[in-house]
Amino acid sequence: MLRRTHTCGELRDAHVGQTVRLNGWVNAYRGHGTGLVFIDLRDRFGVTQVVFDGEALPKDTLDTADHLRNEDVVAVEGRVRVRAGGENPKLATGKIEVEVTTLEVLNKTANPPFLPDDTGGGGKLANEELRLKHRYIDLRRPSMQHAITTRHKVYQATRRYFDENGFLEIETPILYKSTPEGAREFLVPSRNIPGNWYALPQSPQLFKQILMVAGCDRYMQICRCFRDEDPRADRQAEFTQIDLEMSFVRREHVIEMMEGFVRRLWKEMTGYAVPPIPVMPYREAMERFGIDRPDTRYGLEIADISEIAARSDAGFFKEALAKGADRPKFNSQRGVVKALRVPGGAEKLTRKMTDGYNEFVRSFGAGGCAVVKVNAAGELETGIAKLLAPVKDDLKAALGLTPGDTVLFVADTYAVCTKAMGELRQVVARDTGVVPKPGSEGGPWNFLIVVDFPMFEKNKDTGKWVAMHHPFTAPRDDQAEAFVAASVDDENTIESIVSAGYDIVLNGQEIAGGSVRIHDPRVQSKVFTLLGLTPEQAKEKFSFLLEALQYGAPPHAGIAFGLDRLVMNFLGTSNIRDVIAFPKTQIGQDLMTGAPGPVTDEQLKDVHARAIRP
């Protein structure tokens, strides 16, 4: 085989006159019937035009070239010359071409189901199912090659940054013990210990805490994690995260480290200098945006107008405000009324849209979405305008209403109202066109660090307490003793306990999440008790961690970045399958290999398992 001396994206006018060898795939064929054949030769680095001149080549070589077709694999040797037909500005190699002297066909291709040129060869990209089935062809597309290269660069930048900051890269087990406290796990039967099962890790959480107890001090890993959940556009059942843990640190130290990583990574990948990232408490995020990962690229802030609404003539407002009136402010069961001012909404929002909002908020448990508009004279009209007459001036002042605005109202318990308004805000933003369009490299970038999450929340279906982050998150320093002393039946106190957790949010998407961990056995035992685990159950599930915490566990904290989501942002795509070499479909299938697939009864017998087949 003619071994290449250069890649297909490397040659420039400085190489004119040199003899070179190129290897690659035929990207395009042009025969002119005049003894000249032009081939665009492609590899992952780019495309170079090569020329077969019948006057300078043996007839059999020209005949072979004349029968080349897209996706044939070839090697050529030839002389670099100035491109005879003039420069092609669309190619980095567009000033030159290679006049071939030797051709070697390395492999002929069958007729491909589509062409890897980002348009499927016919002006339209092949459907995703076909591309996933033939992923080896799909990955040849320039955009997919760019995605894989970008992902590689993120890996390398990550390792450099954390190595410079004293982190050790340590692998943790893939076969793990089942701890079914969060998402569903993938289970693996044990052949040597009949009736027992491994689980694939949802994260290396417990192992990285053990590493801190073991004195490793600073740990990092680019690791595979698994959750048996339905895939979504931005989620896969198996995914990659950048996992970190640090000893002898407080929350602000971890935030400083992860902010430094974000700055370094964005500078290397995009050239963008990330400014200091603002920090926002969870409660402020929920009050202003209705969500703990707010998109701050646009306004549309939510306002609590409960005090004004109580003085209106709207009976449904007063009915909502009567719910949990004796409960503390921000209690999930206390009634509230919230409003969303939509500037220019009178023109931008149609009746069909606002009717749709009514049904939309009902999907989150709210009773509906009331609407008023501000006319050219600055007066409220339509919808519930008459019911708001007694408080119209106060409402206009509180919301800063101007002619042409629309106001959307939701009234219910704090939990329901906040959730519904947070989701509605995002729909309205899309409907009114205020969400900035991503550029070719994914920007603009609005980062936010959210802190002071509640430690616990009530599961709306079971009524039991669950950890908002995970059960190994510590309370904030100033609340640790109050938490240990609190009765598990003291709902108001438990709901008010703030954790030492933190998330990094980018354009409304969580890209990293972490917390200070519990290193005090008293606190960890109290958390397990609150979550409904008896001492025996806690010992059965987490005995190794509970024991480790008794043997000199240092204060420690960590975080995990979603690597797939980072790459999605760099590429400006909303589909996670665009940034993973071999992704699964929406129902978890690998169309290329046929996974998941059946196994034989003999295989199942070997691992002491039995299938229940439909």
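This briefing walks through a helix, the nonpolar cores and a helix pair in the structure above. The model is predicted, so local features need pLDDT of at least 70 and side-chain atom pairs count only at pLDDT 80 or more, while totals for chains, interfaces and linings use all residues. Residues are numbered from 1 along each chain as its sequence is written, and side-chain values use heavy atoms, leaving out hydrogens and water.

**Helix H4**
- Helices (H or I, at least four residues) and strands (E, at least two) are DSSP runs numbered from the N terminus.
- Just after H4, Gly-166 has a positive phi of about 85°.

**Nonpolar cores**
- A nonpolar core is a set of buried Ala, Val, Leu, Ile, Met, Phe, Trp, Tyr and Cys residues joined through side-chain atoms within 4.5 Å.
- In the largest core, of 58 residues, Trp-266, Phe-447 and Phe-561 touch the most other members.
- H6 gives this core its largest share, 9 residues.
- A second, separate core has 33 residues, among them Met-286 and Tyr-357.

**Helices H5 and H17**
- Contacts here (heavy atoms within 4.5 Å) join Leu-206, Gln-209, Ile-210 and Val-213 of H5 to Phe-542, Phe-544, Leu-545 and Ala-548 of H17.

Definitions and conventions: Buried < 20%, exposed > 50% of the residue type's maximum accessible area, 1.4 Å probe, protein only.
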